[in-house]
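Good morning, and thank you for making time for this presentation. Please keep the sequence and the structure in view while I speak.

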Amino acid sequence: MYKKNNYLVLSNIKLTENIFEMRLKGDTEYITKPGQFINIAINGFYLRRPISVCDLNEDIITIIYKVVGKGTEKLSTIKEGSILDVLTGLGNGFDIELSGDYPLIIGGGVGVPPLYYLAKKLSQEGKKVIAVLGFNSKNEIFYEDKFKKICYNTAVTTVDGSYENKGYVTSVMDRFNYTYFYACGPQPMLKAVYDNAKTLGELSFEERMGCGFGACMGCTCKTKYGNKRICKDGPVLKKEEVIW
Amino acid sequence: MVELETSLSGVKLSNPIIPASGTFGFGYEFSEFYDINILGSISLKGTTKSPRFGNPTPRIAECYSGIINSVGLQNPGVEKVISEELPKLAKVYKKTVIANISGFSLDEYVYCAEKFDNAENVSILEINISCPNVHKGGMAFGTSPENAYAVTNAVKKAVKKPVYIKLSPNVTDIKKIASACEDGGADGLSLINTLMGMRIDLNKKKAVIANKAGGFSGPAVFPVALKMVFDVFETVKIPIIGMGGISSAEDVIEMMLAGATAVQVGAYNLINPYACKEIIENLPAVMEKYNIKNLKDIIGGAH
């Protein structure tokens with residue numbers, strides 16, 4: 001189920017050069033799973049902007065977004081106290097039932113945010129969560145401490161080697177024994193994770209969307225289980241159904 | 001009390017608001033947002049003889065006051081639409097719907113039209129000769145009066161239900177196409193489909209949409225659509241379903257004053273899933289504001 005509602009902007013702060021964290025106060029009852037997203041109307045832009053849910057507390061939704069164009073640039077200038085028109089409860093989300101005892105969470109850049117709420121849910125279930133978080137460089141890292149607090153093990157990779165492990169997430173994921181994996185990040189990273197993974201798992205995809213709730217067929221992809229709309233039947237696909 | 005009722009070729013609608021094809025799926029998914037039985041009718045996702053995946057992604061680009069789409073008629077094919085989608089919709093929608101049909105040959109149009117002619121909850125066949133997102137077929141039938149006549153005539157001969165032809169704005173003179181459809185026996189016309197458009201990504205320096213161009217819709221096209229409905233109303237005697245950027249009850253009234261008997265709401269559904277509901281709910285107050293007692297009385301009133 002979805003809901004369209006007005007939300008109060010509690011904060012909108014810069015985490016890194018072009019990554020922002022926004023906290024929204026309002027109805028959260030339709031967000032039922034980690035990995036779901038919300039769709040935000042931004043004044044002056046025709047289409048809404050789909051952003052994944054990073055954290056959820058009773059009546060507060062936290063999102064983390066990257067400024068990639070004019071819409072998200074405008075979003076980054078919205079002041080606390082503003083009201084935003086938001087659709088919530090969108091997307092299928094991750095299935096935490098399948099995680100096993102040692103789920104591996106792999107995030108790349110702005111793909112990291114939805115994995116935070118996932119890690120929180122999994123650790124609440126008593127799972128020993130292993131997180132591998134990949135960034136380009138030290139100055140782009142965010143939420144490392146937050147992951148460390150709730151995860152059994154957290155490793156950070158940087159492409160340029162400016163922090164912890166030099167390289168991509170795939171250079172580190174082999175070090176761990178895990179029961180299942182969850183990944184979100186740029187498509188080349190998802191493909192590399194898919195190729196390297198030793199277990200079943202789930203991958204969260206991104207696509208340019210029209211509506212975000214399954215009406216326009218703008219974001220359809222082919223899977224082994226038939227055509228799927230990334231917004232409605234995804235954004236999370238099971239490893240075994242993905243066609244590259 | 002104001003009267004919202006209208007009718008299309010004998011099909012009574014409790015109000016003139018119809019979600020446009022391609023912006024409302026097969027309808028039932030919107031019942032998660034509200035009771036869709038308030039809608040006048042629903043124009044279903046464009047359907048072809050065979051299943052179609054559609055075009056590669058990205059299929060969507062944003063514009064000032066609008067959206068460009070290049071979905072490319074993704075649909076499960078007419079057999080599945082009738083056996084699976086229509087029954088799902090019938091569970092949550094008790095009124096009759098408009099089947100939207102596309103094809104790549106005369107035979108395909110006729111094939112699908114005959115199938116829908118026998119489908120219980122379909123009351124009108126909307127023949128799309130204006131899809132800008134497929135090569136051959138689609139718009140190729142809607143840009144010449146001869147082809148438009150041929151499709152209309154072939155479909156009309158094959159079916160009993162009212163046939164509405166959906167026209168393209170991407171023509172030199174839409175009035176000629178409209179007349180050709182009327183001559184071919186069309187019971188009504190739907191206009192306008194999307195305008196051809198494109199956007200270029202400044203970072204990649206390539207078209208945003210994988211297929212390069214697509215169909216532009218949204219409030220930006222409303223004045224274009226209004227003018228075409230106005231012109232076609234003066235040219236033909238058959239009813240017009242007016243569409244193109246409608247986003248408010250005021251827009252509905254404008255479109256009806258230009259000559260529309262009913263209207264379709266398209267792009268607005270995609271940014272506001274409650275679009276049609278809000279427009280229907282706002283209509284009575286807006287009608288009262290402009291001293292309109294019966295919507296039927298204002299059709300073509302601006303002429």
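At what angle do helix 6 of chain B and helix 7 of chain B pack, and how far apart are their axes? In this predicted model, the two helices pack at an angle of about 30 degrees, and their axes lie 8 Å apart. Angles under 35 degrees count as roughly parallel, and helix 6 of chain B and helix 7 of chain B are therefore roughly parallel to each other. On the side of helix 6 of chain B, the contact is made by B:Phe222, B:Ala225, B:Leu226, B:Val229, B:Phe230 and B:Phe233. Helix 7 of chain B contributes B:Asp251, B:Glu254, B:Met255 and B:Ala258. Sorted by class, this contact has eight nonpolar residues, two charged residues and no polar ones.

Let us stay with helix 7 of chain B for a moment. Helix 7 of chain B spans residues 249-258 and is mostly covered, with seven of its ten residues buried. Which residues of helix 7 of chain B are buried? They are B:Ala249, B:Asp251, B:Val252, B:Ile253, B:Met255, B:Met256 and B:Ala258. These buried residues pack against several elements of chain B, namely strand 3 (17-19), helix 6 (222-235), strand 14 (240-243), strand 15 (262-265) and helix 9 (275-289). After helix 7 of chain B comes B:Gly259, which has a positive phi, near 140 degrees.

I now turn to the two chains together. How many residues of chain A are in contact with chain B? There are 29 residues of chain A in contact with 34 residues of chain B. Between them, chain A and chain B bury about 2700 Å², and 59% of that is on carbon and sulfur atoms. Of the area that chain A buries against chain B, 29% is supplied by A:Tyr46, A:Arg208 and A:Met217, more than by any other three residues. Four salt bridges are counted between chain A and chain B. A salt bridge also joins B:Glu32 to A:Lys232, where the closest N and O atoms are 3.1 Å apart.

Over all chains, the count comes to 22 salt bridges. One pair is A:Asp85 and A:Lys4, with their closest N and O atoms 3.7 Å apart. A:Asp85 lies in strand 6 (residues 83-90) of chain A and A:Lys4 in strand 1 (residues 3-14) of chain A, so this pair ties together parts that are 81 residues apart in sequence. A:Asp85 has 23% relative accessibility and counts as partly exposed; A:Lys4, at 23%, also counts as partly exposed. A:Lys4 and A:Asp85 are linked with A:Arg48 and B:Glu278 in a network of salt bridges.

Within chain B, B:Lys115 and B:Glu79 form a salt bridge whose closest N and O atoms are 3.4 Å apart. B:Lys115 belongs to helix 2 (residues 106-117) of chain B and B:Glu79 to helix 1 (residues 78-92) of chain B, so the pair ties together parts 36 residues apart in sequence.

Finally, consider A:Arg229 and A:Asp233, whose side chains meet in a salt bridge at 3.2 Å, N to O. Is A:Arg229 buried or exposed? At 12% relative accessibility, A:Arg229 counts as buried, whereas A:Asp233 is partly exposed, with a relative accessible area of 25%.

Note on methods
Residues numbered from 1 in each chain as written. Chains lettered and ligands numbered in written order. Predicted model: local features only at pLDDT ≥ 70, side-chain atom pairs only at ≥ 80, totals over all residues. Heavy atoms only, no water. Buried < 20%, exposed > 50% of the residue type's maximum accessible area, 1.4 Å probe, protein only. Helix = DSSP H or I, 4+ residues; strand = E, 2+ residues; numbered from the N terminus. Contact = heavy atoms within 4.5 Å. Axes fitted to C-alpha atoms, helices over the stretch in contact; angles between N-to-C directions. Parallel < 35°, antiparallel > 145°, perpendicular 65-115°, else oblique. Nonpolar A, V, L, I, M, F, W, Y, C, P; charged D, E, K, R; others polar. Buried area = accessible area lost by both parts, 1.4 Å probe.
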